[in-house]
Amino acid sequence: MIAERETTAARRCYDLDPALRALAACDDRGVPLAGRDAETAALRRAGARNPSLGRIFEGHLNGVQLVARCGTPEQRAAASDDIASGRLFGVWNTHDEDDRLRIERHAGGLRLRGGKTWASGAGSIGRPIVTGAWPDGSVQMIVLRMDEIAARIDPSEWRPLGMHDSDSFRVGFDGVVVESRDLLGAPGEYERQPWFLGGALRFAAVQTGIVERLYAASVAYLCERGRAEDAFQTARVAEMKIALHTAGHWLAVGAAAWRAFDAEPTDASAAELLDVVDMARTVVERVALDVIERAVRSVGARGLIEPAPFAGLVRDLQMYLRQPAPDAALLRVGRAAFAASGGPHPAAPFARI
Ligand SMILES: Cc1cc2nc3c(=O)[nH]c(=O)nc-3n(C[C@H](O)[C@H](O)[C@H](O)COP(=O)(O)OP(=O)(O)OC[C@H]3O[C@@H](n4cnc5c(N)ncnc54)[C@H](O)[C@@H]3O)c2cc1C
């Protein structure tokens, strides 16, 4: 079991306020009851408040929506009870490259072998959804009850550039018994589109929240130091402000594409949603890198000494910007452009590299 001191910071920042928790409520298609804009705004707020909190909240929403969309009535009811009693969900998909999570048949039952890396909130999240491979290679979601199983949480290699408080540890599940009521959805359901790739809008919203905090802190710092009149500083603040607004506009476009798909889930609205979200996450990454550069130049070396917030925010943002397969997202955007013009690439909106 993980030592208490190692999860204290995580527990503190995962103490989601009731307003954030309420935003997890969704219908049985996983559509947030508060609406897509409210979801995006909440993720942004969580990221601005604390980047690691934003990461945990993003995983919580993802997990709750997966159970709502793919779960049986019994699994949905159990999830409602879990949420009501304050348990957090999460999604641990990233496999341990040396020891992938597998589901093995054993004496008439099912057992897990292998583990997960990048398991955010390990030690604090009560109901992670993990993905494991059946013997035929197909991928199955499993809802785990961490309080009832003997998982081995290993924080020893978690020494990241930033996002330290997200506690994204390695977790081993060797020998954990799985019951049929723990299996969530059919094999392959986790990567079903447009939910899988379209979900990137959630992390783009958290990233935008962190950018917003960095921007606001930079403006305040320049004012405090009496540097608000300087033309270069003013120009950098203007560029940061424009970049932040750009990210905000793309989040709104992404939320609108989700709304259009929710209202009319067709192949066309799914393809449009994926294209828009791929563009949005690409823009938000660029925006964040641009704002980091300007914030660091503006506050200078003195500003990068803690307890000033800049060093921590920059580290967290640089780390959290590293999300899965950014090159593939850009490639899909380009391919969709050629396909729309009748060019060389056949329309393959769900293609992965
Ligand atoms: C703070 C934090 C918390 C996280 N929490 C979770 C969590 O709770 N659950 C979870 O499942 N995951 C989590 N992740 C993991 C995350 O979802 C990604 O899997 C991980 O960030 C990707 O790591 P990477 O950048 O090393 O990936 P890589 O895929 O190795 O990407 C690195 C670079 O290689 C490129 N690339 C990718 N594939 C190829 C290829 N085949 N050939 C050539 N180039 C390639 C990419 O475009 C990129 O430029 C978390 C990540 C962070 C940063």
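Reader: Where is the place of Pro 194?

Author: Pro 194 sits in the loop between strand E10 (183–184) and helix H6 (195–198). These names come from DSSP runs, numbered from the N terminus: helices are H or I runs of at least four residues, and strands are E runs of at least two. Residues are numbered from 1 along each chain as its sequence is written. The model is predicted, with pLDDT of at least 70 needed for local features and 80 or more for side-chain atom pairs to count, while totals for chains, interfaces and linings use all residues.

The bond to look at joins Gln 193 and Pro 194. This peptide bond is cis, with omega about 10 degrees. A cis peptide bond also joins Glu 306 and Pro 307, where omega is about 20 degrees. Pro 307 lies in the loop between H9 and H10.

Take those two helices next. Helix H9 (residues 267–303) packs against H10 at an angle of about 155 degrees, and their axes are 10 Å apart. That makes the pair roughly antiparallel. The axes are lines fitted to C-alpha atoms, for helices over the stretch in contact, and angles run from 0 to 180 degrees between N-to-C directions. Angles under 35 degrees count as roughly parallel, over 145 as roughly antiparallel, 65 to 115 as roughly perpendicular and the rest as oblique. H9 and H10 cross in a left-handed way. Left-handed means that the near helix is turned anticlockwise from the far one by less than a right angle; right-handed means clockwise.

Helix H10 (310–320) is one of the elements that give two or more residues to the shell around the ligand; the others are helix H4 (51–70), strand E1 (89–92), strand E4 (115–119) and helix H11 (326–340). E1 gives the most, with three residues. Of the 21 residues around the ligand, Asn 93, Trp 118, Ser 120, Met 163 and Asp 327 come nearest. A residue is near if its C-beta atom, placed from the backbone, lies within 6 Å. By class, the shell has 10 nonpolar, eight polar and three charged residues. Here Ala, Val, Leu, Ile, Met, Phe, Trp, Tyr, Cys and Pro count as nonpolar, Asp, Glu, Lys and Arg as charged, and the others, Gly among them, as polar.

Both domain 1 (4–190) and domain 2 (193–340) give residues to this shell, so the ligand lies between them. The bounds come from an automatic or database domain assignment.

Two of the shell elements have partners worth a look. The axes of helix H3 (residues 36–49) and H4 come within 5 Å and cross at roughly 150 degrees. H3 is therefore roughly antiparallel to H4. Their crossing is right-handed.

E4 belongs to an open sheet of three strands, in the order E4-E8-E7, with antiparallel pairing. Two strands pair if DSSP finds at least two bridges between them. The edge strands, each pairing on one side only, are E4 and strand E7 (152–154). Neighbouring strands in this sheet are turned by 20 degrees against each other on average, direction ignored. E4 and strand E8 (residues 169–172) are joined by three bridges. Ala 119 stands opposite Phe 169 in E8.
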